[in-house]
Amino acid sequence: MSQWPSPNTRAQELYRRAEKVMPGGVTRIVPWQPPYPPYAERGEGGYIIDVDGTRRLDLVNNFSSMIHGHAHPEIVRAVQDQVALGTAFSMPTASEVDLAEAISQRTPNIEWLRFSNSGSEAVMCAIKAARALTGRPKIVKIEGAYHGSYDFAEVSLDSTPANWGQEPQSIGYSAGVPDGVRENVIVVPFNDPDAARRIIRGERDHIAGILIDVTPSYLGYVSMTEEFARTMQDLAREIGAALILDEVISYRMDHGGAQRLYGLEPDFTVLGKIIGGGFPIGAVGGPRSAMTVFDHRDGKPLLPWSGTFTANPISMVAGKVSLDLLTQHSIERINGLGETFRIGLSRIFEETGYDAQVTGIASSFKISGHRRPISDYRSSYSTPGEHGRVARLQEELLQLGYYVAYRGHGFFTTVNTPDEVDGLLAACRTAISRI
Ligand SMILES: Cc1ncc(COP(=O)(O)O)c(C=O)c1O
């Protein structure tokens, strides 16, 4: 039985100390949940054991980055070997060539790539690359789509009915966002080709890049239609802008990433999470015609790019082993687990009348506390009461030994089994009966 959030636990004691040294007691907002989060002590394959000894099936997997679960023996071995040889050098290493080759072989459109330390940094790098390539200032993004913490990428991330207006507005995410940021981001609705054509053509001479994710997390991982994806690519070509495909999450969908499934050929692909095997990473890649903005060999490049820990050999070797283990067969297997779970949970919501739904694609899922069909950001939007319904379910699941994200996100990994999916479904049924 779970100790969390009982009094006099180690988690509570850690949180008391944390409150004194970190704003709100955490250093990362996403895993926060009241009254304080459970604290992890160690991971074993599909499971997290918290500091009070409770073992739970981990469905969050560090927000999708641990695609082989925790402490996978082959990744541990590769990293241990590398730690003994040195962890960061200013010289390049063979490990970065190995990982770049592995990515390029999986995704032939990525002829050249540059590494970074996070997906956010890679998104920033891709946006700057689009500006450098075109000499134009503006970026197009989809309303509500999350692309990390670069302020241009955060525009209109959490619009509400009170401010979203008739057509998507360019709304700053955090306090103090300069007007220049909002003025240089154009927001379009998801899966609406006509609106995209009208809005994008209206700004055609100012747009550097069109930033898309085919399965945005804040929209419940619903899929972009092929028509919309193709329209965005065609529009980018038509107006001479770069297509930036954010595959930080969607790369897990297929051996070649979502771009293979959709037949897209982005100018810049942004990667992160799974390509680092559980260590910090990001990357921007694409055809040489676009990636040439980084090439310094004829003098100062259009976009100089560096970073102290960029391509550190720990992330590189872990990423290489992680990708080698991630075969098309294993991807299809975990996509099947995702499908089984989504079908099973939908049936449970139906049978119990619990006012919620589960959406998602491939090995991802997102539980929302309402039944409105989700087709874009506005239809995915949940009221605080609807969020509360997901939080109640999540808290009960924590008690039952399952860790789903507080906002209802989850991912299956290559170490999960069909029996674990059955167990999770049974726990969801029990959790609802307790609520
Ligand atoms: C689609 C997408 N892009 C970018 C990012 C940012 O990546 P990171 O958290 O590594 O900065 C995320 C993170 O969740 C993401 O989901």
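Let me start with Lys273 and the ligand. In this predicted model, a side-chain N or O atom of Lys273 sits 2.8 Å from an oxygen atom of the ligand. For Ser120, an N or O atom of the side chain is 2.6 Å from a ligand oxygen. As for cover, the ligand on its own has 390 Å² of accessible area, and the protein covers 83% of it.

Next, two helix pairs. Take α4, residues 94-106, and α11, residues 313-325. Their axes are 8 Å apart, and the helices pack at an angle of about 35 degrees. What is the hand of the crossing of α4 and α11, left or right? It is left-handed. On the α4 side, the contact is made by Ser95, Glu96, Asp98, Leu99, Ala102, Ile103 and Arg106. On the α11 side, these meet Pro313, Ser315, Met316, Val317, Gly319, Lys320 and Leu323. The contact of α4 with α11 has 7 nonpolar, 4 charged and 3 polar residues.

The other pair is α14, residues 384-399, with α15, residues 418-434. Here the axes come within 9 Å and cross at roughly 120 degrees. The crossing of α14 past α15 is right-handed. From α14, the residues in contact are Leu393, Glu396, Leu397 and Gln399. They meet Ala427, Cys428, Ala431, Ile432 and Arg434 of α15. By class, the contact of α14 with α15 divides into 6 nonpolar, 2 charged and 1 polar.

Which peptide bond is cis, with omega near 0 degrees? The bond in question runs from Pro34 to Pro35. Pro35 lies in the loop that runs between α1, residues 10-21, and β1, residues 40-44.

The other detail is Asn191, in the loop between β6, residues 185-188, and α7, residues 193-202. Asn191 has a phi near 55 degrees, which is a positive value in a residue other than glycine.

Conventions
Residues numbered from 1 in each chain as written. Predicted model: local features only at pLDDT ≥ 70, side-chain atom pairs only at ≥ 80, totals over all residues. Heavy atoms only, no water. Polar contact = N/O pair within 3.5 Å; in protein donor to acceptor, adjacent residues only side chain to side chain. Areas by Shrake-Rupley, 256 points an atom, 1.4 Å probe, with all protein chains shown as cover. Axes fitted to C-alpha atoms, helices over the stretch in contact; angles between N-to-C directions. Helix = DSSP H or I, 4+ residues; strand = E, 2+ residues; numbered from the N terminus. Left-handed = near helix turned anticlockwise from the far one by under 90°. Contact = heavy atoms within 4.5 Å. Nonpolar A, V, L, I, M, F, W, Y, C, P; charged D, E, K, R; others polar.
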